[in-house]
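Work through the two exercises below with the sequence and the coordinates at hand, and take each solution one step at a time.

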Amino acid sequence: MKVVTKWNGQRAFTAVGDSGYEVNMDATPAYGGEGKGCTPTEMLLASLAGCIGIDVTMILKPYLSSVDKLEIEIDGTRKEEMPKGFTSIVVTFIIDGQVDSKRIWRAINLGKEKYCAVSDSLKANISFRLILNGEEQANPVTAQNRGE
């Protein structure tokens, strides 16, 4: 896999991968950019959401017709000092539909532990939440490890 990233002046860059799609990145004005693209750290979180989202939807393929909504929110906490890498990341799946929470958690856990190359590449502590039909659902694997 190869990505070529070209400088567009100031702090702006355009990246093109093997897929041929372009991604525009720029720094915020605080860092000398013009804010004309996603920041690289936003792209990192978006990449995590896309990767785990693809894995979860592949695993849940037989049940996707019962899903009315699937959103992934990611909140990242960064270090105060440079480099300001992520120390923790919370990935929240917000799903509406008629799918058993245990099936969804199985898909999330498999994605995290077996398939998601992005989460596997990050040093940050990554945790997951599931909100199904407006209610938070406990991860049965985590709950089992705590003896619940």
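Residues are called buried under 20% relative accessible area, exposed over 50%, and partly exposed in between, with a 1.4 Å probe and protein chains only. The model is predicted, so that local features need pLDDT of at least 70 and side-chain atom pairs count only at pLDDT 80 or more, while totals for chains, interfaces and linings use all residues. Residues are numbered from 1 along each chain as its sequence is written, and side-chain values use heavy atoms, with hydrogens and water left out.

**Exercise 1.** Find the salt bridges, taking a side-chain nitrogen of Lys or Arg within 4 Å of a carboxyl oxygen of Asp or Glu as the criterion, and state how exposed arginine 129 is.

Solution. Step one: applying the criterion gives two salt bridges. Step two: one joins lysine 36 to glutamate 34, with the closest N and O atoms 2.9 Å apart; lysine 36 is exposed because its relative accessibility is 63%, whereas glutamate 34, at 41%, is partly exposed. Step three: arginine 129 and glutamate 136 form a salt bridge at 2.9 Å, N to O, and arginine 129 counts as partly exposed because its relative accessibility is 30%.

**Exercise 2.** Determine where asparagine 109 lies and what it touches, counting heavy atoms within 4.5 Å as contact.

Solution. Step one: asparagine 109 belongs to helix α2, residues 101-115, where helices are DSSP runs of H or I with at least four residues, strands are runs of E with at least two, and both are numbered from the N terminus. Step two: asparagine 109 is buried, because its relative accessibility is 11%. Step three: once neighbours within four places in sequence are set aside, asparagine 109 contacts Asn139 and Val141.
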